[in-house]
Amino acid sequence: MSCHKSYITTPIYYVNDVAHIGHAYTTIIADTLARYSRLIGQETFFLTGTDEHGQKIEESAKKRGKETKAYADEISATFKNLWDDFDISYDKFIRTTDEDHKVGVQKAFSTMYQNGDIYKDNYKGNYCISCETFFPASQLVDDEFCPDCGKSTTIVEEESYFFRLSDYEDRLLAWYHDNPDCILPKSKRNEVIRFVEGGLNDLSITRTSFDWGVKLPEEFNDPKHVMYVWLDALMNYVTALGYGTDDKNMDFHPARVHLIGKDILRFHAIYWPAFLMSLDLPLPKHIGAHGWWTRNGEKMSKSKGNVVNPKEVADAYGLESFRYFMLREVPFGGDGDFSQKALIDRINSDLGNDLGNLLNRLIGMSGKYFEGRVESDLVAKYYQAELDEVDASLAKLEPMIFELQLHKYLEELWRPLTVANRAIDKYQPWTMIKEAKTDETMALNGLIATILAKVSLMLHAVMPKTTATIIEALGFEITPESFKRIIRKGEILAPFSIEKREPLFPRIEEQLLVEKKPEEAPKKPEKKKEKQVDKREGIALIGIDQFFETSLKIGTVVGAEEVKKSKKLLLLQVDIGEEEPRQVVAGIKEWYSAKEILNTQVCVVVNLKPAKLMGMKSEGMLLAAKDGDGLCLIRPEKPKSNGTSIS
Ligand code: MSP
């Protein structure tokens with residue numbers, strides 16, 4: 001890879017709440033990329049920070065009886081402290097309340113205005129404070145609720161400055177088409193293209209209804225306006241480099257990758273490139289959108305009491321094991337469910353058995369046969385086939401990391417460890433030494449050391465301290481220079497002596513964190529429920545609110561396949577207006593073929609707890625009626641938009 005500058009960013013986090021596992025996930029991926037870039041000798045700038053303006057923050061502070069800036073200072077510090085605790089290698093922690101950031105945002109506003117992209121008009125629309133976004137009436141749920149977070153929207157009518165986003169449709173589409181990797185994973189790029197092809201409205205980029213934001217530049221002489229928080233926030237990616245002030249680090253622009261969660265893809269994949277085009281600045285190389293972490297299949301929220309605190313997990317299980325787990329456990333872009341069991345399995349198996357134990361075996365064998373000495377000069381003579389296998393795996397790795405295929409990267413990186421463990425079992429050093437095959441035995445130890453060295457160098461960005469410990473045991477240090485020697489040039493390890501040490505990953509036998517039982521979660525005061533029974537039918541009666549606890553929506557089956565080993569099941573992908581189709585495993589194969597159900601509309605229960613059927617996750621249930629003649633699906637009489645609520 002050519003040696004150039006590498007700029008890596010996380011989203012800037014809202015200061016209305018403290019960090020949870022989702023924030024830690026984004027930051028840890030970004031940290032991994034930044035560390036990797038540095039290791040391969042690229043000049044790297046890694047940015048993170050906090051997003052502190054907007055109505056949501058103002059209201060959060062008010063609710064707690066705090067002055068807004070003081071409140072923002074407090075929460076921003078909790079993020080910074082957490083990242084420091086987590087050894088996150090950021091080069092700058094930006095706050096949108098920083099003076100130079102505000103100056104930069106104003107500069108951008110003036111430039112966009114001069115370039116003819118901003119005009120003033122009146123705006124009336126439904127605004128979701130929680131998402132800080134206007135939604136057209138057509139996108140609202142039940143004419144009122146936010147399609148993204150489900151909260152009630154308010155009608156806001158105000159004078160506003162607009163950004164001519166609609167002018168950028170063609171240029172954006174051309175960018176997506178010309179740069180197949182601009183949005184990762186690629187499936188997300190298709191979603192964005194479909195959205196933009198549906199037409200873009202101009203974007204309201206100022207507010208007059210509150211005060212907590214960046215003011216317009218003085219020349220506008222319009223003090224009642226503050227900037228829209230997403231304009232303010234997105235600009236952090238350039239103001240952090242000195243845009244609008246000293247331009248000091250602008251040569252790092254554009255980003256190699258902006259890491260984000262899938263919920264904020266639209267802002268990054270549509271607004272951000274359009275703003276950059278308006279400013280005549282180059283566009284990012286990649287925007288990487290990861291999926292959501294859930295808890296037992298549910299979205300995490302304070303009210304449910306199921307939020308995973310990253311610090312607690314890291315303190316209990318070790319920060320590096322936690323990092324490895326998050327990156328290895330879910331394919332980038334997919335959702336992941338956090339459980340201690342899955343974490344413990346990864347630690348005991350991948351880290352303990354495969355990696356940690358290999359180091360122990362090396363220590364044991366070299367101690368017993370060679371007083372701790374390890375020499376690698378004869379490795380190629382005896383074990384060329386193993387070396388080739390290892391190098392073939394390693395050669396696949398580098399492209400994966402910047403395509404954000406981190407789970408695959410780690411999976412592939414584990415193959416050399418298998419090669420090493422297998423070689424010990426195959427060549428049996430305990431027999432070789434008895435047969436006086438001293439050279440072969442020493443070379444086998446050399447092979448193990450070489451594999452541990454290569455794997456540790458390639459794993460360094462994910463587990464910096466653990467790998468530094470391993471490499472130190474192998475007699476050298478991790479630096480861009482040693483990376484180049486061992487990985488790029490394939491140099492053999494210098495002879496060294498290895499000493500006994502404690503196991504790297506002692507086996508974990510039981511869960512280390514006490515789980516909150518659901519009943520301990522704060523509950524809403526319970527209404528007295530007396531079962532009423534309808535005399536005529538003997539059916540238990542429920543109140544309307546109980547009925548509305550079930551969320552029913554219209555969806556279209558966009559994918560259907562037969563589950564081979566099952567007589568009953570079809571595996572469906574149902575678009576219910578969410579960012580991704582839901583997977584539903586339905587027991588309807590006796591009455592419907594995959595082909596005939598494809599592209600038809602169905603009614604889906606969308607708030608059932610996910611279930612597993614024949615090992616496949618099912619995230620909903622189709623409404624159907626069954627009598628002696630068989631089963632039929634319940635469908636809307638006329639086509640309805642996906643996601644339409646049924647009531
Ligand atoms: N302030 C905006 C970002 C502005 S960037 C110019 C914002 N902040 S946030 O604090 O709400 O979210 C920050 C990131 O955390 C997002 O990328 C979001 O996707 C991620 N996560 C929040 N909850 C999450 C999970 N439960 N799981 C995974 N990540 C999620 O949005």
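Student: What makes the set of 179 residues a nonpolar core in this predicted model?

Tutor: A nonpolar core consists of buried residues of nonpolar kinds, such as Phe, Leu and Trp, joined through side-chain atoms within 4.5 Å. The largest such core here has 179 residues, and Trp83, Phe163, Tyr176, Met235, Phe275, Leu413 and Leu474 touch the most other members. The largest share, 12 residues, comes from helix H17 (residues 438–459). Domain 1 (5–290) and domain 2 (339–497) each supply at least three residues to this core.

Student: Which residues does Phe163 touch, leaving aside those up to four places away in sequence?

Tutor: Contact requires heavy atoms within 4.5 Å. Among the residues that Phe163 touches are Met112, Ile118, Tyr168, Leu203 and Phe275.

Student: How many residues does the other core hold?

Tutor: That core has 17 residues, including Leu570, Ile576, Val584 and Ala594, and lies apart from the largest one.

Student: How do you know that strands E21 and E22 pair?

Tutor: Pairing requires at least two bridges. E21 (residues 570–575) and E22 have 5 bridges in the antiparallel sense, so they count as paired. In one of these strands, E22, Val584 is the bridge partner of Leu572.

Student: Why is one side of strand E22 left without a neighbour in the sheet?

Tutor: The open sheet of 5 strands runs in the order E22-E21-E20-E23-E26, with antiparallel pairing. Strands E22 (582–586) and E26 (621–622) stand at its edges, each with a single partner strand, and therefore one side of each has no neighbour in the sheet.

Student: What is the sense of the pairing between E13 and E15?

Tutor: Strand E13 (residues 293–295) pairs with E15 in the parallel sense over 3 bridges.

Terms used
Residues numbered from 1 in each chain as written. Predicted model: local features only at pLDDT ≥ 70, side-chain atom pairs only at ≥ 80, totals over all residues. Heavy atoms only, no water. Helix = DSSP H or I, 4+ residues; strand = E, 2+ residues; numbered from the N terminus. Buried < 20%, exposed > 50% of the residue type's maximum accessible area, 1.4 Å probe, protein only. Domains from an automatic or database assignment.
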